[in-house]
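Me: Please take a close look at a single part of this protein. I would like its pairing and its packing described in one connected account.

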Amino acid sequence: KLETKDDKGAIVRAFTCGNSWVYFRKGALEYMESARNDSLGVFAVTIQKCVRRHYAYQFYRALLRFTIKTQANARRENGRRTFLRLRSTVISVQMVHRQKVARRKLLRRARRKARNALNPNNTEEGTLDHFSVKYLQIRSAVISVQCAYRQRVARRTFLRLYRRKARLTLFPHRLRYEVALHRFSILGGRVKASMEGGEGGFSRMMLESLLESTLQKLETKDKKGAIVKAFVCGKSWIYFRQGALECMESARNESLEPFAVTIQKCARQYYGSSRHKKGTQEFLRLRSAVISVQCAYRKRAARSTLLRLCRQKAQLTLFPNKLKHEEALSRFSILDRRAQASEEEGEKGQSQNAVKMLMGSALRKLETKDDKGAIVRAFTCGNSWVYFRKGALEYMESARNDSLGVFAVTIQKCVRRHYAYQFFRALRRCTIKTQANTRRELGRRTFLRLRSAVISVQCAHRQQGARSTLLRLCRREARDTHFPNRLTHEEALSRFSILDRRAQASEEEGEKGQSQNAVKMLMGSAL
């Protein structure tokens, strides 16, 4: 379409093809770009159709899963009620049976005592005494085994509760990966699709990226400037800091609000009909039962919270200050060399013993005695914290400042010696500099004489180079007036091969001569 004719009637094309470049006249490259954009628009429309169909199918599957889950919850509730009713019946039957067995044993023992009382020369008496002694021995052994087992179980329970308490101070909430995926997958379509496809690792990665994007507002920075996230991912749990889970729940509620409105609409239409009035009565009965259960649970949670706050208040009255083992060692290890050695080793048990030795030697003057004469220390050491009584931490800080004063005097000595040495070096440098200036003046005169000779040689060489550059630029300007745009053969084929299938085939073969012919055919048909 862009071909023209000159004064002699010959056809003038809108491009010309060299050995490795294609040169375009003015407006030819813009015409090729518009044709390429039209071809790409058709492919974009097809891709949009496929994507919209995929999202509609995903929405349908989400509604189907929600319906199935609602039915499963209702059936589970019915099964639980049946199980509780049957269990109460079985317990009552067991109680009656055990009562009968105990009554028979009691009557049998009473008859045996009466028979022994009537027949004192009975030979079975020794046998009965032997069995009673054997029974007592077995019972004592069983009781000792039970005590050891219960002690071990109590120790494990105490350790587990202590670890849970330490974790809850930093991460009060946690969720399993499956629960978090099921609960928060509505916030991201990619997480939802990967969960349906069964890709475990990919779904975890997408869940972590979703949490980072949602909880970005709650991120903070520590003393070193490193970013502290609002959550931590373990092998099978996700731990949330204070307020992080509430932020996720609020975002989830905002996403679920349109679905809830739609479900409420349908439910109100259903309960509004006259055929299903019995269903509404059953729903009200269930709602009252659920409200009573919620009241009991909230009462229990409020009681446990009150007890925990009371314990914390009692602890703060006796020990108002506290520090971790690592902080105490790093801050006060200057008072004892043994504490410095244990800090460098870094073992947990040794660090605890080092803290005890350090605080015992440093706070010996603050020890008192109670009414019974027992020594009351000014600190107490836990598994990971050191608790100080009133005035103990201030005493430690004053002792630390006194120890640091000795080091400050030593540092001042070294600094003054350093300044004196610097003054001596400055004097020596001035002497050397004076000598250097004299030698430099002699060298400068020699350099100026040589530079004048070199400049004359450079002027002749640059004059010859400028002449050759001027000739090359004149040739290039004459070419750019006729062909302002250009592309290499490979770029032209990769960009505009979509307009001709023969050009696509030659691009796949990749031979140099064939690519040049393909460019000529493509441009000849397009322009």
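This is a predicted model: local features need pLDDT of at least 70, side-chain atom pairs count only at pLDDT 80 or more; totals for chains, interfaces and linings use all residues.

Reply: Residues are numbered from 1 along each chain as its sequence is written, and side-chain values use heavy atoms, with hydrogens and water left out.

The sheet is an open one, built from three strands that follow the order S5-S9-S8 with antiparallel pairing; strands (E, at least two residues) and helices (H or I, at least four residues) are DSSP runs numbered from the N terminus, and two strands pair if DSSP finds at least two bridges between them. Because S5 (173-176) and S8 (231-233) each have a single partner strand, they stand at the edges, and one side of each is left without a neighbour in the sheet. On average, neighbouring strands here are turned by 20° against each other, direction ignored, where the axes are lines fitted to C-alpha atoms (for helices over the stretch in contact) and angles run from 0 to 180 degrees between N-to-C directions.

Within this arrangement, S5 is joined to S9 (residues 237-240) by four bridges in the antiparallel sense, and Leu175 has Ile238 of S9 standing opposite. Helix H3 (residues 177-184) packs on the sheet and touches S5, S8 and S9, contact being heavy atoms within 4.5 Å; the direction of H3 makes about 90° with that of S5.
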